[in-house]
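Good morning, and thank you for joining this group meeting.

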Amino acid sequence: MKLINKITFIIIFLFVNINAFGEVSSFVDSKSVTQKIAHGITFKPDGTKMFVVGKSQNKIFEFDLSTAFDISTATKNSNEFLHNSQQVDATDIKFNSDGTKLFLAGTDEQEIDEYNLSTAYDVSTSVHQNTYFNGDGLSFIAIAFNTNGTKLFIYDATGTDSIKQYSLGSPFDLSNAVLQKQYIGTNSSTLQAINGNPQGLAFSADGSKMYVTGVSTQKIKEFTLSTPFDLSNVKFEGGYDLSGQIEEPSGIAFSDDGSKLFILDSKNNAANRDVAEYDLSCGFGVINCIDPTANKDDVASIETQSESAKKLIQHTTYPVINRMQWLRRNNSRGNLTNQNIKFQFNNEILNSLSKTLLPVYLSNYNSSNTDNENSSWSLWSEGTISVGRIGDTSVSSSKDINTSAITLGADKRGKDNIMRGIALRFGSDDVDVGDLGSALNMRTFGLTFYETKPKGEERFTDHLLGLSFINSDLINNSGSTSTNGKRSGEQIYGSFSLRDTLSKNKLNFTPKIKIDYGVTHFAEYTETGAAGLNLKFKDQYIGNFITSVGANIDKKFDLKNNTFLPYFDFNYSADMSPSTKQKFSYSSSGDKYTLDNINNATHSVHTGIGFDLITDSGFNLMTKYTRDQTTEGSYNDNFVIAGDYRASYNSTYALSVHETSTEIAYKSKHNNLNVDVTSNLDFFADDPEYGIYLKVYSLK
């Protein structure tokens, strides 16, 4: 008998915990709202005000909360609004996004009334503006908007209960509402659960869940929407029993982060009605937590981190590889100083060239020559701008990408014709995800060592090895609220290539093979900002392994006082990087999720065309256009301009343009006297900042 009792206890314990997992965690409190037959409830976004409407007193009551979303601290203030001249028996109240408009719906007048508020969220300043749907024969149980106010949902109790979905041409403008779809409970296998004398309607902040209350069932019912704020495909998750706290559940409201649920009691056997407050174990998780792997913005944010890590290796190694190729094409030059500016268009859009020009240094002259090549260093720099967009998929939102970086390097050539160097890269990646404001800002610092070594007269090996440090700021916006995170990371990368040049009549054909490799580690981090929606991310490792085969062709033309060298590149690359995965969980409830198969392997073709122009006057130019095309249809377009001008052996010039600010610098050396002049101007600012700096000094 004791054994049976123990088994029964275990079964009951497991059953309770399984069914309670992710559900409403606890009833917190109830508060009298002095509203007879209370039916509609909403809050100011910061939780410091609560508004209630009902079917008897024809007033909007306004409450102040000294503690946000804590109804035990609510006190009724003097602000109230009598609306019986337009609306009798109001059933729901909603505000626009900034609280300067409110909308009242009701069953008696069968209309929605719009009011302007001269003071945001102060109902006593309400002035009637428009009436909508009058004469359409609708019985308004409840209304709801999507986050940006471009969709309206009406719970209609006329005949058979139904939910009507309207599109609005302008946010919160009901004058041009167009009926898109109508969902009748009795005729829908997934929506039939709305029956039971429904009273309240609400959505989660991201639109992935819908909630209705019913008097006869005394439950709040939860539905999952496959597409946010679209009832085309919904799944009934179940209902949570409210009996014991609420007799006739009606209006529904959530805190901004979904960690609290509020439900009105419309019972008509008492003078005052109550609002009940519940704590949720995870944001908007009445029955089940919102699944982040089913949210396109959440998936895109995770993908963005992995994609940016792989792109970082390319963006870090490309300038160094360009430098090594340029060194070999200009092997006979005494002055190997070279300064580049690079524009990169991240293929899927070519709409914008750039908003930022990174530093271009002209004539960072190095007085080295072939007789003194062992003791002198050649300096170079390359600025990079990347602007692009990756479209959305069935599981992931679109991504708008803006990358900017500057690479500074120095190298020298030894007696054995081995060229070795070091490069520093400072970069910033800004990625906007989806339409709600999610974003990634990744700041990086990379250190690369490189070497190009001859293996015969025309055969070379190029090798580089480097380390990058990553710091990221992440914003995950779910609609009405957002979470924030900070994540650090480290990256080791390398590249090895072998080139062999076949020459005839100044025409060079160079076949080559290349291997790129690397690994990125992202540390674990926990989001902050929204208690019910904060996610905790585990460590993540991202591998990178790409093999390439190809060739380039160039030919040297000796012109009068000039040398012209056009070239063409072709490479085929196979990305054999292993797919990665990210494990994460809700920090509040501990519900765990895994996003697998991030960044599967791809194949791509790289083509490039350009030329070097070397003049006896001291001006040298290198240009290059490249395209990277993948088998999936995406592509990257790159345009490189390199300029080098030697004004004299004792003076240098520098030009830098960054966002709206430009800087011009001049340095000159006369014997042991040095002169530095720097001028700056913020030319697009409303109140431009400018200045000039002069420095004269002697090294002795």
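Predicted model: local features only at pLDDT ≥ 70, side-chain atom pairs only at ≥ 80, totals over all residues.

Which lysines gather in a patch of positive charge on the surface? They are Lys 536, Lys 538, Lys 581, Lys 583 and Lys 592. Residues are numbered from 1 along each chain as its sequence is written, and side-chain values use heavy atoms, with hydrogens and water left out.

A patch is made of residues with over 30% relative accessible area and no salt bridge, like charges being joined within 9 Å and nonpolar side chains (Val, Leu, Ile, Met, Phe, Trp, Tyr) within 5 Å. Lys and Arg count as positive, Asp and Glu as negative, and His and the chain ends are not counted. The place of a charge is NZ of Lys, CZ of Arg, CG of Asp or CD of Glu. Accessible areas come from the Shrake-Rupley method with a 1.4 Å probe, and for residues only the protein chains shown count as cover.

Strands (E, at least two residues) and helices (H or I, at least four) are DSSP runs, numbered from the N terminus. Lys 581 has a relative accessible area of 43%, so this residue is partly exposed; buried means under 20%, exposed means over 50%, and partly exposed lies in between.

I turn now to salt bridges, each a side-chain nitrogen of Lys or Arg within 4 Å of a carboxyl oxygen of Asp or Glu. How many does the structure hold? There are 23 salt bridges.

Lys 49 pairs with Glu 62, with 2.7 Å between the closest N and O atoms. Because Lys 49 lies in strand S3 (residues 49-54) and Glu 62 in strand S4 (residues 59-65), the pair ties together parts that are 13 residues apart in sequence. Lys 49 is buried at 16% relative accessibility, and Glu 62 is buried at 1%. Together with Asp 64, Lys 49 and Glu 62 are linked in a network of salt bridges.

Another salt bridge joins Asp 411 and Arg 323, again with the closest N and O atoms 2.7 Å apart. This pair links distant parts of the chain, 88 residues apart: Asp 411 is in strand S23 (residues 399-413) and Arg 323 in helix H2 (residues 296-329). Asp 411 counts as buried at 2% relative accessibility, and Arg 323 is buried with a relative accessible area of 3%.

Next, the disulfide, a pair of cysteine sulfur atoms within 2.5 Å. A search of the whole structure finds one. Cys 282 and Cys 289 form this bond, with their sulfur atoms 2.0 Å apart, and both cysteines are buried. Why is the disulfide left-handed? The reason is that the torsion about the S-S bond of Cys 282 and Cys 289 is about -105°.

Finally, two backbone angles deserve mention. Tyr 121 is not a glycine, yet has a positive phi of about 60°. Tyr 121 is placed in the loop between strand S8 (111-117) and strand S9 (126-132), and counts as buried at 6% relative accessibility. Asp 89, also a residue other than glycine, has a positive phi near 55° and lies in the loop between strand S5 (74-82) and strand S6 (90-95).

Technical notes. Buried < 20%, exposed > 50% of the residue type's maximum accessible area, 1.4 Å probe, protein only.
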